Amino acid sequence: MVLASAIAATGCHSGGNVAAHLRPPGRSVPVAQDGSTAAHRASSTLTVPLQGPARYAGLSLTDWESIDQALSNAQSALAQSDTDASHDEQGDTTP
Amino acid sequence: MTTLRRVAVSATAALTVLVPAGASYAATNSSSGTPPTSGQNPPAQNDARWQEDHQKLLSDLQARVQTLAKLTTSVNNDETLSPQDKSALSGLVANETNGINQLLATVQAATPQNTTIAQLGADAKEMVDNYRVYLVMSRQVHLTEAADAQTTAETKIESNESKIQAAINRAGNPPDAVSAYNDLVHQVANATQGTGNAHIPAVLAVTPKGYPGDEGPLTSARSALGQARTDLTAARGDLVTIRNVVAQHDSTNHPSPGQTTSGTSSSAA
């Protein structure tokens with residue numbers, strides 16, 4: 001979950017806005033009188049969509065989470081298997 | 001073990017059983033250092049030793065009950081286990097839990113009057129040799145879980161390779177992303193092969209009584225899965241590289257609205 005958490009920490013999520021995400025810290029977001037931001041207006045006109053797929057290398061957040069969870073589970077299971085293998089069951093029977 | 005069966009156990013037979021297992025459960029009379037001459041404990045002489053052995057055996061059995069409960073929970077909650085593996089493991093763990101619980105009940109009912117120290121030793125040997133909770137059952141569960149989890153990750157990445165490639169294409173095929181993608185495909189292919197080399201049916205066929213003679217599948221599966229996970233870790237690193245390069249491309253080519261010279265924003269305002 002580390003990677004997914006890192007992604008989440010950046011504020012990126014599917015359907016969000018890359019331009020807003022990449023804005024330098026402290027920089028304000030211009031808001032028009034109608035309440036829309038320039039980012040919203042720009043994203044609707046750019047040829048390359050600023051949607052999730054590009055930001056996540058083609059993977060959705062769910063995909064990232066699924067991969068990370070599976071890798072984490074595998075690591076945990078293998079580590080536990082090593083602990084199992086080191087167990088001395090005969091030793092358990094020695095008072 | 002029933003009381004009737006306990007009576008039938010001779011001290012000589014118990015000694016024969018206990019010696020190979022090491023210094024376990026009173027192979028000799030603790031006070032004299034000589035073997036017991038019958039299946040009955042001399043009154044009072046071995047009482048402290050009996051209590052010590054009994055308590056140790058109870059503790060060992062209860063630890064196994066707890067481990068089996070954890071394995072049951074792990075199998076039930078594992079979302080990446082295949083249905084057939086989950087079914088097989090559930091059956092194995094349930095049978096083992098039933099057997100250990102029966103043995104625990106027998107030992108809990110034991111008293112110095114109906115059970116000899118040698119008989120406690122025989123129960124201890126049964127606990128180990130007939131169940132192998134740690135060296136067989138636990139490893140079967142954890143190796144199978146690892147194999148299925150890795151298969152899930154491999155399948156997930158493979159099924160998304162076309163989308164990843166498309167994202168790189170949209171970004172203009174940055175060399176670093178293309179290189180990372182090529183390595184990603186290579187690593188996932190290796191991982192898939194490695195995970196496949198972990199022969200889970202053979203792992204599940206290992207039996208407590210056959211151990212350690214039939215340990216081979218457990219050892220080879222651990223080795224194959226470990227290598228495959230290393231490949232998957234590298235593949236995950238490639239994914240991060242691709243993501244960062246593509247994101248950097250977006251940042252360069254599609255800067256934030258205040259930085260863009262495009263008239264589309266203003267025209268839309």
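Predicted model: local features only at pLDDT ≥ 70, side-chain atom pairs only at ≥ 80, totals over all residues.

Reader: OK, which residues of α3(B) are buried?

Author: Among them are B:Trp50, B:Asp53, B:His54, B:Leu57, B:Asp60, B:Arg64 and B:Val75. Helices here are DSSP runs of H or I with at least four residues, strands are E runs of at least two, and both are numbered from the N terminus.

Reader: And what covers the buried residues of α3(B)?

Author: The cover includes α4 (83-108), α5 (117-129) and α6 of chain B, together with α6 (89-92) of chain A. Those contacts are heavy atoms within 4.5 Å.

Reader: How far apart are the end C-alpha atoms of α3(B)?

Author: They are 45 Å apart, which agrees with the 45 Å that its 31 residues should span at 1.5 Å a residue. The expected span is 1.5 Å times one less than the number of residues.

Reader: Zooming out, how many helices and strands in chain B?

Author: Chain B has 11 helices and zero strands. Of its 269 residues, 45% are buried.

Reader: Back to packing. At what angle do α3(B) and α4(B) cross?

Author: At roughly 160 degrees, with the axes coming within 9 Å. Axes are lines fitted to C-alpha atoms, for helices over the stretch in contact, and angles run from 0 to 180 degrees between N-to-C directions. α3(B) and α4(B) are therefore roughly antiparallel. The cut-offs are under 35 degrees for roughly parallel, over 145 for roughly antiparallel, 65 to 115 for roughly perpendicular, and oblique for the rest.

Reader: By class, what's in the contact of α3(B) with α4(B)?

Author: There are 13 nonpolar, eight polar and three charged residues. Nonpolar covers Ala, Val, Leu, Ile, Met, Phe, Trp, Tyr, Cys and Pro, charged covers Asp, Glu, Lys and Arg, and the others, Gly among them, are polar.

Reader: Are α3(B) and α6(B) parallel or antiparallel?

Author: They pack at about 15 degrees with axes 11 Å apart, so α3(B) and α6(B) are roughly parallel. Residues meeting there include B:Ala63 and B:Leu71 from α3(B), and B:Tyr134 and B:Met137 from α6(B).

Reader: How about α6(B) and α8(B), what angle?

Author: About 150 degrees, axes 10 Å apart, so that pair is roughly antiparallel. B:Ala147 and B:Ile157 are among the α6(B) residues in the contact, and α8(B) brings residues including B:Leu184 and B:Val188.

Reader: New topic: is B:Pro212 buried or exposed?

Author: B:Pro212 is exposed, with 53% relative accessible area. B:Pro212 is in the loop between α9 (200-205) and α10 (216-253) of chain B. Its C-alpha is 8.9 Å from that of B:Leu135, 77 residues away along the chain.

Reader: Last one: where does B:Lys125 lie?

Author: In helix α5 of chain B. B:Lys125 counts as partly exposed, at 27% relative accessibility.

Notes:
Residues numbered from 1 in each chain as written. Chains lettered and ligands numbered in written order. Heavy atoms only, no water. Buried < 20%, exposed > 50% of the residue type's maximum accessible area, 1.4 Å probe, protein only.
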